[in-house]
Amino acid sequence: MPLVTLRQVLDEAGKGGYGVGAFNVNNMEQIQAIMEAARATKSPAIVQASRGARKYTNDRFLYHLMLAATELYPEIPIVLHQDHGNSAQTCLSAIDMGFTSAMMDGSLLEDGKTPSDFEYNVKVTKEVVDYAHKKGASVEGELGCIGGIEDGHGSGQSRLTDPDQAVEFVKRTGVDALAVAIGTSHGAYKFTRKPDAAILAMNLIIEIHKRLPDTHLVMHGSSSVPQELQDIVNKYGGQLKQTWGVPIEEIQLGIKNGVRKVNVDTDSRLAITGAIRKHFVEHPGDFDPRDYMKPAREAMQKMVEKRMVDFGQAGHAGDYQPIPLSEMAKRY
Ligand code: G3H
Ligand code: 13P
Ligand code: ZN
């Protein structure tokens with residue numbers, strides 16, 4: 001089937017009461033890991049590329065790898081999503097290329113670092129929505145700021161989402177999905193202890209969902225940073241400091257309260273790095289990239305499969321047929 005829209009996949013998730021993991025990719029092996037996990041668990045898949053990913057791969061390569069994924073996995077609904085678009089131009093160029101969805105992260109200015117004001121965010125997000133919806137593509141907006149600057153994106157401070165502003169933002173922009181800031185951050189170093197309500201504001205999700213029951217909520221910075229992945233990296237020569245991510249049960253609580261898209265990148269990075277480190281310690285003479293990329297891909301697949309089961313999307317790949325973009329455009 002052709003690439004499908006985020007809107008359709010999240011509408012279906014809403015009907016079924018489950019969440020859908022959105023996994024970042026930068027190369028062929030990561031795409032393969034997600035697609036194999038989706039096939040093994042019969043899951044719809046959201047594959048997302050940051051600006052950095054588009055630059056690293058040269059996005060034409062990435063786009064055509066995704067077309068290969070639609071050919072090779074025809075039974076899987078696949079969304080191709082721009083993650084953290086920093087400007088309308090970034091989002092529009094993704095949509096023009098064939099991405100079926102884009103995130104306009106207007107919570108920050110175009111530098112991807114400086115927190116913006118509400119009116120700027122509404123204006124730039126609405127501009128993307130107007131363009132995307134004419135073509136049937138979907139848009140995710142963000143209100144509040146996700147913490148963390150490890151990946152070069154973000155202001156370094158988290159600014160939690162205000163529920164009243166969220167209502168106004170959705171009304172004025174018409175976004176299909178809303179990313180909310182609840183105290184998570186990008187990267188491995190999210191929390192210095194297992195998070196409780198004092199540092200992870202799940203109550204905000206509940207509050208926002210009450211006011212916006214029909215809006216698909218998105219959790220960013222949602223890697224769980226599992227202890228076993230940290231241990232593998234460190235056992236084989238890595239030097240990660242002890243850290244805590246977002247516990248799966250907190251994500252599941254979010255999913256019960258309107259979270260439909262769950263962004264995961266760091267856990268893939270850890271799975272891949274752990275497997276490659278292990279391989280080189282155990283086989284120091286190897287130098288064929290296939291020898292260490294294969295276990296790396298398998299390690300990411302295993303992690304993604306687990307998330308797909310835990311988020312509830314497993315078993316739902318065959319529930320629906322893709323709605324063409326032209327039909328989606330008519331619905332707005
Ligand atoms: O924004 C968060 C994602 O983890 C993407 O990271 O910008 O380093 O590709 P990146
Ligand atoms: P993690 O760093 O927790 O994987 O978050 C990824 C993300 O939010 C991508 O937009
Ligand atoms: Zn993010």
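How many bridges join strand S1 to S8, and in which sense do the two strands run? Select S1 (residues 20–24) and S8 (259–264): four bridges join S1 to S8, and the strands run parallel. Helices (H or I, at least four residues) and strands (E, at least two) are DSSP runs, numbered from the N terminus, and two strands pair if DSSP finds at least two bridges between them.

This is a predicted model, in which local features need pLDDT of at least 70, side-chain atom pairs count only at pLDDT 80 or more, and totals for chains, interfaces and linings use all residues. Residues are numbered from 1 along each chain as its sequence is written, while chains are lettered from A and ligands numbered from 1 in the order in which they are written.

**Around S8**

Six of the six residues of S8 are buried, so S8 is largely enclosed by the rest of the structure. A residue is buried if 20 or more other C-beta atoms lie within 10 Å of its own, exposed if 12 or fewer, and partly exposed in between, with C-beta atoms placed from the backbone.

**Ligand 2**

Next, display ligand 2, which 13 residues surround; the closest are His220, Ser223, Asn263, Asp265 and Thr266. Here a residue is near a molecule if its C-beta atom, placed from the backbone, lies within 6 Å of it. Strands S3 (78–85) and S8 are the elements that give two or more residues to this shell.

**Helix H11**

Select helix H11 (residues 266–282). At 1.5 Å a residue, its 17 residues should span 24 Å, and the end C-alpha atoms are 24 Å apart, which agrees; the expected span is 1.5 Å times one less than the number of residues. Among the buried residues of H11 are Thr266, Arg269, Leu270 and Ile272. Their cover includes S1, helix H2 (28–41), helix H9 (227–235), S8 and H12.

Move to Val47. Leaving aside neighbours within four places in sequence, Val47 is in contact (C-beta atoms, placed from the backbone, within 7 Å) with Phe23, Val25, Ile31, Ile34, Met66, Ile78, Val79 and Leu80.

Finish at Gly315, in the loop between H12 and helix H13 (325–331). Gly315 is partly exposed, with 14 other C-beta atoms within 10 Å. The C-alpha atoms of Gly315 and Val218 are separated by 21 Å, the two residues being 97 residues apart along the chain.

Definitions and conventions. Two residues are in contact if their C-beta atoms, placed from the backbone, lie within 7 Å.
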